[in-house]
Each structure stands twice: as structure tokens, then as C-alpha cells.
Amino acid sequence: MNLPRAFDIVGDIAVVNVEPDLEAAMAQKVMEQNKRVKVVVNKIGKTGGVERIQRVKVVAGEGRTETLHKENGCRFKLDLNRVFFTPRLSSERLRIAEQVGERETVVDMFSGVGPFSILIAKRRPKSEVYAVDVNEDAVSYLKDNIRLNKVDNVIALWGDVSDVCEKLGKVADRVIMNLPEGSGEFLGVVGKIAKRGCVVHFYCFLSDDELFDAGVEIIRKVFPKAKVLNKVVCGERAPGIHRVCIDFNVG
Ligand SMILES: C[S@@+](CC[C@H](N)C(=O)[O-])C[C@H]1O[C@@H](n2cnc3c(N)ncnc32)[C@H](O)[C@@H]1O
């Protein structure tokens, strides 16, 4: 039987993406070859909704979708059916965290369970990180993860980032916009919270022929004086569709 080789591991859960008739064989192979895997789940449909959740169903092992994932020296409790999470951004998160200065104020606009925010807070204990998400479950896990990682410089805020940022004022030295399907819609919000010289990490999806001009164009519509600092491809959504981060200074 021809089984796919690729799958993700989140905590002790293997996340596979196979047709239902291959589920059982795939789960058996994964569990035999990965002794730390206690649950195998299969993806159902596509990542969807404002909360960007990829629904899964348990096909083998313990009947749960909650786990504890370790990444970059941090621990993240999460439920795959209640929040967005991908382990594939681990090195991208480190790339961003390595740029943060000692006493910066960072706004993580789409924080999820906190993988950017908590890593930054841990590496830079004198920084202040506002972590915002519209998914109440994600914010609840974020609060758990703040305690789990013993950081006291992350402020978890539940709500639509447009409303939450309205109340923050001009606080941000750095903004993380990890909502690649819609970050462009929220660049106006960045204008309300950005201090002079603020650095923004803007994520979007671009096709081969759009790299990277189409992303820079979206940014320049809102920040005509934006100075692009770096452009990286940090993953693939589908063949030929890239997850991109453009780092820029608002000017
Ligand atoms: C692609 S996920 C990124 C999560 C996290 N940064 C990570 O790396 O795991 C995007 C997140 O943005 C949140 N979101 C979507 N629209 C939002 C909005 N208008 N305001 C606040 N959060 C929003 C979703 O609930 C989701 O958790």
C-alpha cells in the first residue's frame, strides 16, 4: 500500500492527511515508527473560519485532541480542534524572537496559544508583549501557557484586534501579523499602535510569480514610506503558494 511519508507531530499527537480508507494503515505505521506518539488524528476538510482551525478526528490511540507541545524551549498546551497550531513555524518564530531588543513593547496581533509571544517573553524578560486573539479558547490556552512557562510579561487580550488595539494607543516597537490569509486588512490598525520606527512582521500567501512584489504593494498602500528590511519564504500552503514574511519599518 502506498502511504504518504509526511505528517506533523504536535506534542504526542501525529496529524496525518489521508483518505479515510488509508487512515487505519497510516495510523498503524505512524505508531509503530514513533513510540512517543500516543494519538493519531486525520485532518477533516480545510483550515477554516476566522479562528483558522483545522478540524481533525482521532483515528488511533487515546481519544483526545489536547496535548502539550514543546518548541524552542517553551511548552504549549493546546487542543487541535479548538485552536490553530502548526509546528512548521518553529524556526520562523525563533527568527522573529532573535530580533527583539531587551526592552521592546511587542504586539502579537494574532497570537493563538502564544508560540511567538511566549518565546519572546522568555528570551526577553524585560520586554512587554501584548498577545491578542479573537478565539476565546486560544486565549484561555494562552493564559495556561503563560503560567506553564512562568513568564510575567505577556498580557493576554481576547477580542477582535481592531477593537483591542483601539484601546492600546501608540505602544508598539514591534508588531507580529501572523494571519497570512488576511493580514493586509489590519495594516490600518498597525498605524494606530505603531511608535515611530516600529518594525512589522507581515505574513501573507504569495504565488511563485507574485514573490515578493505583491506583498510589498499591499504594505505600501497603507505605509507609503515603509522600508523593507527582509523578505523570507517560511513555508508552503500548496504547491507554488508560499507563506511569506515581509519585515518592514513603518518609517
Ligand atoms: C494563523 S493563526 C496564528 C496563530 C499563532 N500566531 C501561531 O503561530 O500559532 C491566526 C490567529 O488569528 C486569530 N484571528 C483571526 N482574526 C482575528 C482578529 N480579527 N482579531 C484577533 N485575532 C484574530 C485566529 O483566531 C488565529 O488564532
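Author: Start at Phe 202, which stands opposite Ile 246 in strand 13. Everything here comes from a predicted model, where local features need pLDDT of at least 70, side-chain atom pairs count only at pLDDT 80 or more, and totals for chains, interfaces and linings use all residues. To find your way, count residues from 1 along each chain as its sequence is written.

A word on terms: helices (H or I, at least four residues) and strands (E, at least two) are DSSP runs, numbered from the N terminus. Two strands count as paired if DSSP finds at least two bridges between them. In general, the strands of a sheet pair through backbone hydrogen bonds, either parallel or antiparallel.

Now back to our pair. Strand 11 (residues 194–207) and strand 13 (residues 241–249) run antiparallel, joined over nine bridges. They belong to an open sheet of seven strands with mixed pairing, and the order is 9-8-7-10-11-13-12. So what happens at the two edges? Strand 9 (154–158) and strand 12 (227–238) sit there with a single partner strand each, so one side of each has no neighbour in the sheet. From one strand to the next, the twist averages 15°. (For angles, axes are lines fitted to C-alpha atoms, for helices over the stretch in contact, and the values run from 0 to 180 degrees between N-to-C directions.)

Helix 4 (residues 136–148) packs on this sheet, touching strand 8 (128–133) and strand 9. Contact means that the C-beta atoms of two residues, placed from the backbone, lie within 7 Å. The direction of helix 4 makes about 165° with that of strand 9.

Next, the ligand. There are 20 residues around it, and Phe 110, Gly 112, Val 134, Asn 135 and Val 161 come nearest. Helix 3 (115–123) and strand 8 are the elements that give two or more residues to this shell. By type, the shell splits into 12 nonpolar, four polar and four charged residues. Here Ala, Val, Leu, Ile, Met, Phe, Trp, Tyr, Cys and Pro count as nonpolar, Asp, Glu, Lys and Arg as charged, and the others, Gly among them, as polar.

The shell also draws at least three residues from each of domain 1 (8–64) and domain 2 (88–249). Those bounds come from an automatic or database domain assignment. The domain centres, taken over C-alpha atoms, are 28 Å apart.

There's another open sheet to find, this time of four strands in the order 1-2-3-4, again with mixed pairing. Its edge strands, strand 1 (8–10) and strand 4 (56–61), pair on one side only. The twist averages 30° from one strand to the next here. Strand 3 (residues 39–43) and strand 4 run antiparallel, joined by five bridges, and Val 39 stands opposite Gly 61 in strand 4. Helix 1 (residues 23–33) packs on this sheet, touching strand 2 (13–16), strand 3 and strand 4, and its direction makes about 60° with that of strand 4.

Most residues other than glycine have a negative phi, and most peptide bonds are trans. Arg 52, in the loop between strand 3 and strand 4, has a positive phi near 60°. The peptide bond from Leu 211 to Phe 212 is cis, with omega near -15°; Phe 212 lies in the loop between strand 11 and helix 7 (213–222).

Definitions and conventions:
Near = placed C-beta within 6 Å.
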